[in-house]
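Please look over the sequence and the model shown here before reading the report. The text is meant to be read alongside them.

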Amino acid sequence: MRLDFILNGERTSLETEPTRRLLDILREDLELTGTKEGCSEGECGACTVIVDGKAVHACLTLASQLNGREVLTIEGLEKNGELDVLQRCFIEEIAVQCGFCTAGMIMSAKALLMQNPEPSEAEIRTALAGNICRCSGYGQIISAVKRAAKELREGI
């Protein structure tokens, strides 16, 4: 099938099988390896990307679901050599250890902040509930999202 969609703000077209996973298209065809494969079952969140403003698991999203849609990956957050506020806050709040879950965590948080610029801690926890971190714990991750939300609201 011919797949036409917007990826990180750029029109993208390629030939692929309709049953191929978005995860494989990103990593193998488009060489965007920030999206990680963890469980392959939509349980760990390592493969989280944003499709039309909503966090989705790339391991469960098929090519046939993507025509005409807008996909944002971790690589699409950085602009002109500057990290997105969430990426920067994750670093500054030491919300990263091994880094395997980080892209998925950031993308889930980004989707939340796109919908709700002033989330409560409970809303942050709910938005990140589909993401598993086995190293850093969640305290620093929650702090990083809170800080990013505050900085976005204050225009920092």
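## Overall fold

This is a predicted model, and its secondary structure amounts to five helices and five strands. Followed along the sequence, these elements come in the order β-β-α-β-β-β-α-α-α-α. With a radius of gyration of 15 Å, close to the 15 Å that the globule rule gives for 156 residues, the protein is as compact as a globular protein of that length. The C-alpha trace spans about 45 × 30 × 25 Å along its principal axes.

Of the 156 residues, 46% count as buried. Among contacts between residues at least 6 apart in sequence, 57% join residues at least 24 apart.

## Surface and charge

The protein exposes about 7,900 Å², of which carbon and sulfur atoms supply 48%. There are 17 positive and 24 negative side chains, and the centres of these two sets lie 4 Å apart.

## Helix α5

Helix α5, which runs over residues 139–154, has 16 residues and reaches 23 Å from its first C-alpha to its last, close to the 22 Å expected at 1.5 Å a residue. Its buried residues are Ile141, Ile142, Ala144, Val145, Ala148, Ala149 and Glu151, and they pack against α2 (85–92), α3 (102–115) and α4 (121–127). An α-helix has 3.6 residues a turn, so residues three or four places apart point the same way. Just after α5, Gly155 takes a positive phi of about 70°.

Leaving aside residues up to four places away in sequence, Glu151 touches Val85, Arg88, Cys89 and Ile156.

## Two asparagines with positive phi

Most residues other than glycine have a negative phi. Asn8, however, has a phi near 50°, and it sits in the loop between β1 (2–7) and β2 (10–15). For Asn80, too, phi is near 50°, a positive value in a residue other than glycine, and the place of Asn80 is the loop between β5 (70–72) and α2.

Which of these two residues is buried, and which is exposed? Asn8 is buried, with a relative accessible area of 19%, which falls under the 20% limit. Asn80, with a relative accessible area of 81%, is exposed, the limit for that class being over 50%.

Notes. Residues are numbered from 1 along each chain as its sequence is written. This is a predicted model: local features need pLDDT of at least 70, side-chain atom pairs count only at pLDDT 80 or more; totals for chains, interfaces and linings use all residues. Side-chain values use heavy atoms; hydrogens and water are left out. Helices (H or I, at least four residues) and strands (E, at least two) are DSSP runs, numbered from the N terminus. The radius of gyration is taken over C-alpha atoms; the globule rule is 2.2 Å times the number of residues to the power 0.38. Buried means under 20% relative accessible area, exposed over 50%, partly exposed in between (1.4 Å probe, protein chains only). Contact means heavy atoms within 4.5 Å. Accessible areas come from the Shrake-Rupley method with a 1.4 Å probe; for residues, only the protein chains shown count as cover. Lys and Arg count as positive and Asp and Glu as negative; His and the chain ends are not counted. The place of a charge is taken as NZ of Lys, CZ of Arg, CG of Asp or CD of Glu. The expected span of a helix is 1.5 Å times one less than its number of residues.
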